[in-house]
Amino acid sequence: IFLTNGEFYSSVHQMSKVMDFELKMLKNMQKFIGKNQNKLDYLKERLAEYERERNEAVQMGSSYFENPVNKYLLTKRLTSDWDRLENILQYKEGEKTLKKIENKIVNESELEGALEGVLRLQDVYRFNTSDIASGLFQGVQYDVHFDARHCFDLGKRAAETEYVKLGYFWLKEALKRSADDASVDKLDIELAIAHVKFKLGDIKGANETYAELSSRYPENEKVAKLFSEFVVNSADKPQYYVDYSVEHEPPPEHIFSASREKLYKYTCAGLIKKTPADERDLRCGYLVETHPFLWLAPIKVEELHHDPLLVVFYDVLSDKEIETLRDMTKRIERATVMSPNGSVVSKVRTSQFQFIPVTHHPLLGKIDQRVADMTNLDMKYAEDHQFANYGIGGHYSEHHDYFYIESVKKTTISDYDTLGNRIATLLFYLSDVEQGGGTAYPYMKTLVMPKKGAAAFWYNLHASGDRDWRSLHGACPIIVGSKWVQNRWIREHDQSEKRPCYTFNDKVEEIL
Ligand SMILES: O=C(O)CCC(=O)C(=O)O
Ligand SMILES: [Fe+2]
């Protein structure tokens, strides 16, 4: 058994394990019910039999005992039969099975992770609470909805995270739904709303809610207690209201003045995108120069940004190759999980992000040759192939692929002295994603949507070797679907023949 702590919600691949686990639980439950059903059936039969014998005896009166057989039967019922029955009654049928069911493996932190996944989606894509609650995502209607209890759980969870304000809206939604849905107590929702208001610094609003509740429930001890706690805790807080008219703060007027995290989210949500003027010089076409073979089989390439360079290559992996790659990652993963020693949690984690050396399978070398043809870089200087799987809500926040060599220990980076920094990244998409899951490049105003068999390619370093901060990117959360990617991180030493240094420094100073 290897399912544990908050590792599943982020990967659909892992979720399928959870599904298998649920099936086992259901089977155990069936077994438990079956066993107890047999026991009850047996007991019912015995009961009927004994009642019948007894009724006969009662009807016959004392003459019943004139028959030695009857005398024997009564004695037997009250002695050996009864002992057996007692044993059966005391025996906890299906106890072992019950233990298995009780010993649930998907624990509370999984649930918290799942709730936070929903909140992250909502935050990044700026979904309305009532839309999510009724199963509407980016204009696509799904046949799911959240009841008052779900909304309440989300609201309470949100209040404990960075999404406190969303917590307010979820609790309001819970309140709305509780009108004709008794899955949660209305007063509990209202108390949670008062608490969230307090957390948001809405001291005046919280005070009004508590005051109203205590006048509506004058005898309620819980209300009185929470109100007086609030009065004590808010005594030295500034007294103001919070505006709840919008669920998501609009971006600042000069959008690039926002934090990098915000820029990443805005790009995922489509608030940052290229203007027609930005797109004017970008081309689509066929790549034929880097290798004579490409004259026969040119690679489809789409330019998405020029400086720094960002392109997408299409149809560079076949479905069959992708199948082989996926099989490869499955095999390695299982081997890791079954390993008898070492931390189980980290093993499960590495199975969501795993490195496979090029020597592991001939296909990996073949792919690297293709990458060399596509990028004109030398793949001798690349890291191991990295595979990753993201599930619903799974994401990778904004980051640079290059190393900050000043701030990390050199020894933690493989072969830094010989290979140097990550000059470029080639990111294969091994799956389509139904909704969400794009790769966002805020400074290039680009959102690349995963397309099975395609690959995004960009430079992380200037030709001078300096880090290019404009290569900032991140994987947007998955709304629906499962995303598989394969990373090729290409190092800078020694690409000098492939990407000559300029004689001038092309470094662009950071504007932050
Ligand atoms: O999955 C993506 O879209 C981006 C992944 C990424 O940036 C990374 O693994 O470094
Ligand atoms: Fe990255």
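Is Lys 445 buried or exposed, judged by its C-beta neighbours inside 10 Å? The tour of this predicted model returns to that residue at its last stop.

**The whole chain.** Begin with the protein chain displayed as a cartoon, where 18 helices and 16 strands can be followed. The chain has 512 residues, and 33% of them are buried. Of the contacts with a separation of 6 or more, 72% are between residues 24 or more positions apart.

**The nonpolar core.** Select Leu 171, Ala 455 and Phe 457 next. These are the residues with the most contacts inside the largest nonpolar core, which has 90 residues. Centre the view on Leu 171 and set aside its neighbours within four places in sequence; the contacts that remain are Phe 152, Gly 155, Ile 189, Ala 192, Ile 193 and Val 196.

**Helices 9 and 10.** Now select residues 186–199, which form helix 9, and residues 203–216, which form helix 10. Two packed helices are described by the angle and the distance between their axes. Here the axes come within 7 Å and cross at roughly 160°, and the two helices are therefore roughly antiparallel. Their crossing is left-handed. To see the contact, show the side chains of Glu 190, Leu 191, Ile 193, Ala 194, Lys 197 and Phe 198 in helix 9, which meet Ile 203, Gly 205, Ala 206, Thr 209, Tyr 210 and Leu 213 in helix 10. By type, these residues comprise 8 nonpolar, 2 polar and 2 charged.

**Helices 2 and 3.** Move to helix 2 (residues 68–78) and helix 3 (residues 80–90), whose axes come within 3 Å and cross at roughly 30°. That angle makes helix 2 roughly parallel to helix 3. Lys 76, Arg 77 and Leu 78 of helix 2 make the contact with Ser 80, Asp 81 and Trp 82 of helix 3. This contact contains 2 nonpolar, 1 polar and 3 charged residues.

Most residues other than glycine have a negative phi, and most peptide bonds are trans. Select Asp 307 and Pro 308, which are joined by a cis peptide bond with omega about 0°. Pro 308 is in the loop between strand 4 (299–305) and strand 5 (310–314).

Gln 138, in the loop between strand 1 (136–137) and strand 2 (140–141), is not a glycine, yet has a positive phi of about 45°. Gln 138 counts as partly exposed because it has 13 C-beta neighbours inside 10 Å.

Finish at Lys 445, in the loop between strand 11 (439–441) and strand 12 (446–448). Its phi is also positive, near 50°. Lys 445 has 20 C-beta neighbours inside 10 Å and therefore counts as buried, which answers the opening question.

How values were computed:
Residues numbered from 1 in each chain as written. Chains lettered and ligands numbered in written order. Predicted model: local features only at pLDDT ≥ 70, side-chain atom pairs only at ≥ 80, totals over all residues. Helix = DSSP H or I, 4+ residues; strand = E, 2+ residues; numbered from the N terminus. Buried ≥ 20, exposed ≤ 12 C-beta atoms within 10 Å, placed from the backbone. Contact = placed C-beta atoms within 7 Å. Core = buried A, V, L, I, M, F, W, Y, C linked by C-beta atoms within 7 Å. Axes fitted to C-alpha atoms, helices over the stretch in contact; angles between N-to-C directions. Parallel < 35°, antiparallel > 145°, perpendicular 65-115°, else oblique. Left-handed = near helix turned anticlockwise from the far one by under 90°. Nonpolar A, V, L, I, M, F, W, Y, C, P; charged D, E, K, R; others polar.
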